[in-house]
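Here are my notes on the model, as numbered points. Please read them with the coordinates open.

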Amino acid sequence: MPFAGVPLADHGELYRRIEAAGYDDVWTSETAGYDGFTPLALAAVQTSRLRLATGVVNPFTRGPAVLAQHCAALADASGGRFVLGLGSSSNVIVERWNGVPFERPLSRMRETIEGLRPVLAGERGPGGFKLETPPSSSVPIVVAALRARMLALAAELGDGAFTNFLPLSGAPQVRDAFGAPDKELVCRFFCFPAAFEGAAPAARRMLVAYATVPVYAAFFRWLGWGERIDPMVGAWDDGDRKRALELVPDDLVREVFVFGDGDAQRERLQAFAAAGITTFVLAPICEPAEVPAFVDALAPR
């Protein structure tokens with residue numbers, strides 16, 4: 001969440017429906033839509049059981065003190081249900097859109113997490129910052145990670161790892177690089193409640209938009225997809241968007257996205273569970289009027 005095309009003012013009914021259906025969490029995205037925190041503040045007053053998690057925010061466009069303030073506010077508002085999903089983001093979001101140098105993302109993540117832990121525990125952090133009202137209970141930190149070094153950092157310092165745009169064939173590699181079976185491995189899935197043939201054009205557009213960003217191109221190459229995506233990335237970098245879209249590998253589209261009715265999607269997600277994913281963040285790609293049916297179709301049984 002938030003759900004595309006649904007005004008935030010109308011999310012309350014959906015939050016209540018999600019909780020009543022038996023889901024465990026709601027996670028927010030933060031790219032070019034709403035920020036990652038405000039929808040959770042609204043959910044905090046509409047729900048009583050759900051975990052409320054950012055999926056994810058970054059440590060470049062908000063400093064550690066501001067992040068700590070967000071955590072304290074949402075932990076208090078939700079009665080201790082808040083989870084901080086923290087990721088380094090990308091050069092596009094951080095540097096191009098926000099004018100902040102995208103440098104040393106691994107080090108920035110380490111420094112931020114190590115600085116946040118004492119502050120969230122009520123102690124002084126870097127620069128002497130101290131929260132006036134620290135959270136009354138621990139705030140879990142889930143680290144967004146695509147490749148080996150960030151996955152290792154997630155295992156070392158985080159309470160879990162959050163991956164994204166994961167091909168099914170690459171799930172074991174991500175699981176093994178994380179190497180922390182006692183911690184949660186979260187993955188966001190873009191779910192089309194439609195057959196592949198009808199949904200493929202939109203899925204191809206989504207894939208080309210992500211896979212041409214340097215951090216995601218490196219991720220797919222790490223997973224062995226370099227030969228399949230490099231022509232697409234090359235066309236994109238040359239400014240030929242139409243050709244790049246034509247060069248999207250459909251076998252990768254089928255591996256990354258989830259298609260079909262509720263039963264078909266459950267079967268596909270079960271394959272990811274067997275490969276090591278423990279927490280499933282479901283992003284419905286459908287019309288606003290279809291969201292309630294999607295919520296019901298994928299509800300825990």
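1. Strand β3 is covered on both faces: Phe82, Leu84 and Leu86 on one side, and Val83 and Gly85 on the other, are all buried. Buried here means under 20% relative accessible area, exposed means over 50%, and partly exposed is in between, with a 1.4 Å probe and protein chains only. Five of the five residues of β3 (residues 82-86) are buried, so the strand is largely enclosed by the rest of the structure. In a regular strand the side chains alternate between the two faces of the sheet.

2. On the basis of these notes: this is a predicted model, in which local features need pLDDT of at least 70 and side-chain atom pairs count only at pLDDT 80 or more, while totals for chains, interfaces and linings use all residues. Residues are numbered from 1 along each chain as its sequence is written, and side-chain values use heavy atoms, with hydrogens and water left out. Helices (H or I, at least four residues) and strands (E, at least two) are DSSP runs, numbered from the N terminus.

3. Which strands pair with β3? β2 pairs with β3 in the parallel sense over two bridges, and Leu52 has Phe82 of β3 as its bridge partner. On β4 (residues 141-144) the pairing with β3 is also parallel, over three bridges; there, Gly85 has Val142 as its bridge partner. Two strands count as paired if DSSP finds at least two bridges between them.

4. β2, α3 and β3 form a right-handed β-α-β unit. Right-handed is meant as follows: with the strands pointing away from the viewer, the path from the first strand over the helix to the second runs clockwise.

5. Next, helix α1. Its buried residues are His11, Gly12, Leu14, Tyr15, Ile18 and Glu19. Seen down the axis of α1, these fall within an arc of 165°, so they line one face of the helix; the arc is that of the directions from the helix axis to the C-beta atoms. Glu13 and Ala20, on the other side of α1, are exposed. The cover over the buried residues includes β1 (25-28), α2 (38-46) and α14 (291-297). After α1 comes Gly22, with a positive phi near 100°.

6. The bond from Met1 to Pro2 is cis, with omega near 0°, and Pro2 lies in the segment before α1 (11-20). The bond from Gly55 to Val56 is cis as well, with omega near 10°; Val56 is in the loop between β2 (51-54) and α3 (64-77).

7. Two non-glycine residues with positive phi also need a look. Arg104, with phi of about 45°, sits in the loop between α4 (91-97) and α5 (105-120). Phe165, with phi of about 55°, sits in the loop between β5 (160-164) and α7 (171-178). Are these residues buried or exposed? Arg104 is exposed, at 53% relative accessibility, whereas Phe165 is buried, at 0%.

8. Gln265 belongs to helix α13 (residues 262-274) and is buried, with 1% relative accessibility. What does its side chain reach? The side chain of Gln265 makes a polar contact with the backbone oxygen of Gly260 at 2.9 Å. A polar contact is a pair of N or O atoms within 3.5 Å; within protein, one must be able to donate a hydrogen and the other to accept it, and residues adjacent in sequence count only if both atoms are side-chain atoms. Setting aside neighbours within four places in sequence, Gln265 is in contact (heavy atoms within 4.5 Å) with residues including Cys191, Phe192, Pro193, Phe294 and Leu298.

9. Leu151, in helix α6 (residues 148-157), is buried at 0% relative accessibility. Leaving out residues up to four places away in sequence, Leu151 touches Ala145, Leu146, Ala161, Val174, Ala177, Phe178 and Trp222. Leu151 and Thr163 are twelve residues apart in sequence and 9.0 Å apart in space, C-alpha to C-alpha.
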